[in-house]
Amino acid sequence: MIILLSGNVIAITSGKGGVGKSTVAVNLALSLANLGKKVALIDLDIYGYSVPKILNIDSKPKTMNNKIIPVGHENITVMSMGFLLKGNDPVVWRGPMLGKMIDHFFDDVIWGKQDYVILDLPPGTGDVALDLHHKLPKCQEIIVTTPHPNAVHVAERAGMMAKQTNHTIIGVIENMSYFTPPHSNEKYHLFGKGGGSTLASNLDTELLASIPLANPQADGEPSVLITQDPTLADEYRALAERLIEKLTLEEVMN
Ligand SMILES: Nc1ncnc2c1ncn2[C@@H]1O[C@H](COP(=O)(O)OP(=O)(O)OP(=O)(O)O)[C@@H](O)[C@H]1O
């Protein structure tokens, strides 16, 4: 099988659901692109896809010579199961069909030359993660957790699996680390403190970023995108810069 993906492939994984893995994947992709990198974002959370909703994308991919042209959004290129379904239809497939869908995303989509390919994985250590380990042995991983010990405990298993399958762990991102009310510098650690650094140390890697809880907008929804919140934009820019620096250094060393 020929894999048409080029560039640094980075899987964003967690363990526990709902820790903000998709939100982190989207913001990281946008931030890398804002630094002038060519970035593709692939939503591999086939059952629980959420990238089209987070980015508010209504358009569908076009096809050319039986290949799919992914959707261009802002300055990134995006593909999601959500683009191939009508409305909010559920995906009711078993494991082997899931594997075929992943092949389809890698083989039948015209990705072009990319600097970074960000993969949003489903939570846990299930079929997709296992398939990925076989299909993309050079894929590197970033593990997302909240500071809460339960999330850390489950995320550690995702990290152990990455290690067992010889995937490199680039680092840990602690999401929802603290809350700072508007017009204040106070940090409130609502879900506990230190989970991200504990996980990083247990997995022999580094804590790449601690992302705060986003403040709610007027409608009560949190403004979780870097385009909505300048504080988040700063945090994610620093994360993207650290990542570029780290991966460039590793390329030079190898
Ligand atoms: N830093 C943050 N501040 C506030 N809300 C956040 C933050 N990060 C994520 N969220 C919110 O938390 C919820 C879960 O986020 P998200 O869907 O990214 O998690 P996930 O780990 O990908 O979940 P799933 O396991 O369902 O794939 C969403 O409503 C999202 O808007």
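G18 sits in the loop that links strand 1 to helix 1. This is a predicted model, so please hear every value as computed. Is G18 buried or exposed? G18 has 12 other C-beta atoms within 10 Å, and because a residue with 12 or fewer counts as exposed, G18 is exposed.

Compare G15, which is found in the loop between strand 1, residues 8-13, and helix 1. G15 has 25 C-beta neighbours inside 10 Å, so G15 counts as buried; the cut-off for that is 20 or more.

UniProt, in an unreviewed entry, gives a "binding site" feature at G15, K16, G17, G18, V19, G20, K21 and S22. That is the record speaking, and such annotations may be inferred rather than shown by experiment.

Now the ligand in the model. Which residues come nearest to the ligand? Of the 19 residues around it, they are G17, G20, K21, S22 and T23. By class, the shell around the ligand divides into eight nonpolar, nine polar and two charged residues. Helix 1, residues 21-34, supplies the largest share of that shell, with three residues.

T23 deserves a minute. T23 is placed in helix 1, and with 23 other C-beta atoms within 10 Å, T23 is buried. Setting aside neighbours within four places in sequence, T23 is in contact with I54 and V224. T23 and L55 are 32 residues apart in sequence, while their C-alpha atoms are 9.5 Å apart in space.

Last, a pair of strands. Strand 8, residues 140-145, and strand 9 run parallel and are joined by six bridges. What is the bridge partner of V144 in strand 9? That partner is I173. Strand 9, residues 168-175, is mostly covered, with seven of its eight residues buried.

That is all I have on this one.

Definitions and conventions
Residues are numbered from 1 along each chain as its sequence is written. This is a predicted model: local features need pLDDT of at least 70, side-chain atom pairs count only at pLDDT 80 or more; totals for chains, interfaces and linings use all residues. A residue is near a molecule or strand if its C-beta atom, placed from the backbone, lies within 6 Å of it. Helices (H or I, at least four residues) and strands (E, at least two) are DSSP runs, numbered from the N terminus. Ala, Val, Leu, Ile, Met, Phe, Trp, Tyr, Cys and Pro count as nonpolar, Asp, Glu, Lys and Arg as charged, and the others, Gly among them, as polar. Two strands pair if DSSP finds at least two bridges between them. Two residues are in contact if their C-beta atoms, placed from the backbone, lie within 7 Å.
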